[in-house]
Amino acid sequence: MEIDRKALKQRARETMRLTNPSFRLVTLVYLLMTTGVSVTLSRIAIWTGSETVSIFFNLLYLLYSTVAQFGFCLWALWTYQQLDPGLGALTQGFSVTGRVILMNLSIALRTVGWYFCGALMMLLPAVLLMVILPLPLIGVLWLLFVLGLLGLLYAIGLRYSLAPFLLADHPDDGSEAAVRRSVTLMQGWRWEMFRLDLTFVGWIVLVLAIQFGIDVLFLVQSGFLETVRQTLAQVNVTSEVIWALQAEGEAILSQPLPTLLTRLLPLPITLWYVPYRSVSYAGFYDARTHLQQSTSLL
């Protein structure tokens with residue numbers, strides 16, 4: 001049995017259009033609450049020049065953004081269920097801040113544990129193959145190993161992908177119950193979630209392409225790419241030179257104008273794709289719970 005992704009996404013689009021205020025306005029407010037706050041805190045940290053202040057702001061933002069993301073999941077779930085959520089849904093997560101943070105902490109610890117075990121199991125045969133294979137194939141093997149680690153991390157994350165929706169639907173059951181139920185619901189269904197994820201790859205690539213184009217434009221305009229070409233043409237290029245070039249490029253791209261444009265120009269796409277994906281995920285959760293309930297009644 002599989003979930004009808006086409007019907008699910010069609011209902012997601014239909015319910016999004018019924019929201020009041022508009023889903024674009026809600027997403028814009030959410031982005032201001034997260035990305036906007038992140039940029040502001042990073043600028044303050046740069047102005048102060050204190051590494052301690054920067055670390056404190058990063059930790060503070062990590063906790064804050066975790067709760068804000070839960071609020072957006074709550075909005076997405078209520079949208080799919082046609083419960084007429086408003087902007088207030090974005091702040092509902094702060095009423096259960098402790099449970100949200102405990103849920104994400106539990107997911108992080110479980111992910112690290114499973115990832116360590118999986119990576120260790122992959123590492124042993126990889127090391128043996130590196131001893132056996134000829135030198136030209138070792139680079140290919142290393143690339144496959146890195147891709148395997150990324151795939152492992154993604155697969156582990158799918159186990160807990162429904163936990164925020166479960167906590168939103170049953171907050172009184174607590175954070176651990178949400179995590180455990182997510183694992184149960186996703187048993188045998190990670191492939192279906194992966195296929196749903198694939199349908200949004202095009203939107204992500206489009207946003208990244210726009211941001212990459214803006215970055216290249218500023219690097220060319222500043223003469224940085226020409227500097228890189230001339231540097232690499234030299235005979236002796238040390239690691240210190242490479243690090244210096246990287247730092248220079250990051251300094252150019254971290255200036256206010258390129259930072260602003262990389263967020264503003266893809267914004268029309270982001271305001272559609274971000275809520276569309278979240279509401280579709282909520283639809284997957286809704287469909288999966290209904291399937292479980294109907295199966296238990298048989």
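Biologist: Why is phenylalanine 194 called partly exposed?

Modeller: In this predicted model, phenylalanine 194 has a relative accessible area of 27%. Buried means under 20% and exposed means over 50%. The 27% of phenylalanine 194 lies in between, so this residue is partly exposed.

Biologist: What makes tryptophan 191 buried or exposed?

Modeller: The relative accessible area of tryptophan 191 is 55%. The cut-off for exposed is over 50%, so tryptophan 191 counts as exposed.

Biologist: How far apart along the helix are tryptophan 191 and phenylalanine 194?

Modeller: They are three residues apart in helix 8 (residues 190–198), which separates them by about one helical turn.

Biologist: Why is the ring pair of phenylalanine 200 and tyrosine 276 given the name it has?

Modeller: The ring centres are 5.3 Å apart, and centres within 6.5 Å make a pair. The planes stand at 80°, and over 60 degrees counts as edge-to-face, so the pair is edge-to-face.

Biologist: What parts of the chain does this pair tie together?

Modeller: Phenylalanine 200 lies in the loop between helix 8 and helix 9 (201–221), while tyrosine 276 is in helix 13 (residues 267–297). The pair therefore ties together parts that are 76 residues apart in sequence.

Biologist: How do you know whether phenylalanine 200 is buried or exposed?

Modeller: Phenylalanine 200 has a relative accessible area of 1%. That is under 20%, so phenylalanine 200 is buried. Tyrosine 276, at 5% relative accessibility, counts as buried by this cut-off.

Biologist: Which residues form an aromatic cluster with phenylalanine 200?

Modeller: Phe23, Trp272, Tyr276 and Tyr281 form one cluster with Phe200.

Biologist: How many aromatic pairs does the rule give?

Modeller: The count comes to 13 aromatic pairs. Tryptophan 191 and phenylalanine 194 make a pair with ring centres 5.3 Å apart and planes at 35°. That angle is neither under 30 degrees (stacked) nor over 60 (edge-to-face), so the pair is tilted.

Biologist: Which charged end sits over the ring of phenylalanine 200?

Modeller: The charged end of lysine 9, at 4.6 Å from the ring centre. The distance cut-off is within 6 Å. Likewise, the charged end of arginine 11 sits over the ring of tyrosine 80, 4.4 Å from its centre.

Biologist: Which residues touch the most other members of the largest nonpolar core?

Modeller: Trp75, Leu162, Phe165, Met193 and Phe284 do, in a core of 55 residues. Helix 13 gives the most to this core, with eleven residues. With sequence neighbours within four places left aside, phenylalanine 165 is in contact with Cys73, Leu77, Ser278, Tyr281, Ala282 and Tyr285.

Biologist: How do you know whether glutamate 192 is buried or exposed?

Modeller: Glutamate 192 has a relative accessible area of 7%. Under 20% means buried, so glutamate 192 is buried. Glutamate 192 has its place in helix 8. Apart from neighbours within four places in sequence, the contacts of glutamate 192 are Glu2, Ile3, Arg5 and Phe284.

Biologist: What is the volume of the second largest pocket?

Modeller: The second largest pocket has about 180 Å³. Among its 13 lining residues, the closest to the centre are His170, Tyr285, Thr289, Gln292 and Gln293. Helix 13 gives the most to the lining, with six residues. Helix 6 (163–169), helix 7 (175–186) and helix 13 each supply at least two residues of that lining.

Biologist: How many helices and strands does the protein chain have?

Modeller: The protein chain has 13 helices and zero strands. Of its 298 residues, 37% are buried.

Biologist: Why is isoleucine 138 called partly exposed?

Modeller: Isoleucine 138 has a relative accessible area of 23%. Isoleucine 138 is in helix 5 (residues 135–159). Beyond neighbours within four places in sequence, isoleucine 138 is in contact with Met130 and Leu133.

Biologist: What joins asparagine 20 and proline 21?

Modeller: A cis peptide bond, with omega about 5°. Proline 21 is in the loop between helix 1 (5–17) and helix 2 (23–48).

Biologist: What makes aspartate 84 buried or exposed?

Modeller: Aspartate 84 has 56% relative accessibility, which is over 50%, so aspartate 84 counts as exposed. Aspartate 84 lies in the loop between helix 3 and helix 4. Although not a glycine, aspartate 84 has a positive phi of about 55°.

Notes:
Residues are numbered from 1 along each chain as its sequence is written. This is a predicted model: local features need pLDDT of at least 70, side-chain atom pairs count only at pLDDT 80 or more; totals for chains, interfaces and linings use all residues. Side-chain values use heavy atoms; hydrogens and water are left out. Rings of Phe, Tyr and Trp (its six-membered ring) pair if their centres lie within 6.5 Å; planes under 30 degrees apart count as stacked, over 60 as edge-to-face and the rest as tilted. Helices (H or I, at least four residues) and strands (E, at least two) are DSSP runs, numbered from the N terminus. Buried means under 20% relative accessible area, exposed over 50%, partly exposed in between (1.4 Å probe, protein chains only). A charge sits over a ring if NZ of Lys or CZ of Arg is within 6 Å of the ring centre and within 35 degrees of the ring normal. A nonpolar core is a set of buried Ala, Val, Leu, Ile, Met, Phe, Trp, Tyr and Cys residues joined through side-chain atoms within 4.5 Å. Contact means heavy atoms within 4.5 Å. On a 1 Å grid over the protein atoms alone, a cavity is a set of points where a 1.4 Å probe fits but cannot get out, and a pocket is an open set with protein on both sides within 12 Å along at least five of seven lines; lining residues have an atom within 4 Å of a point. Grid points are joined across faces, edges and corners, and a volume is the space filled by probe spheres set on the points.
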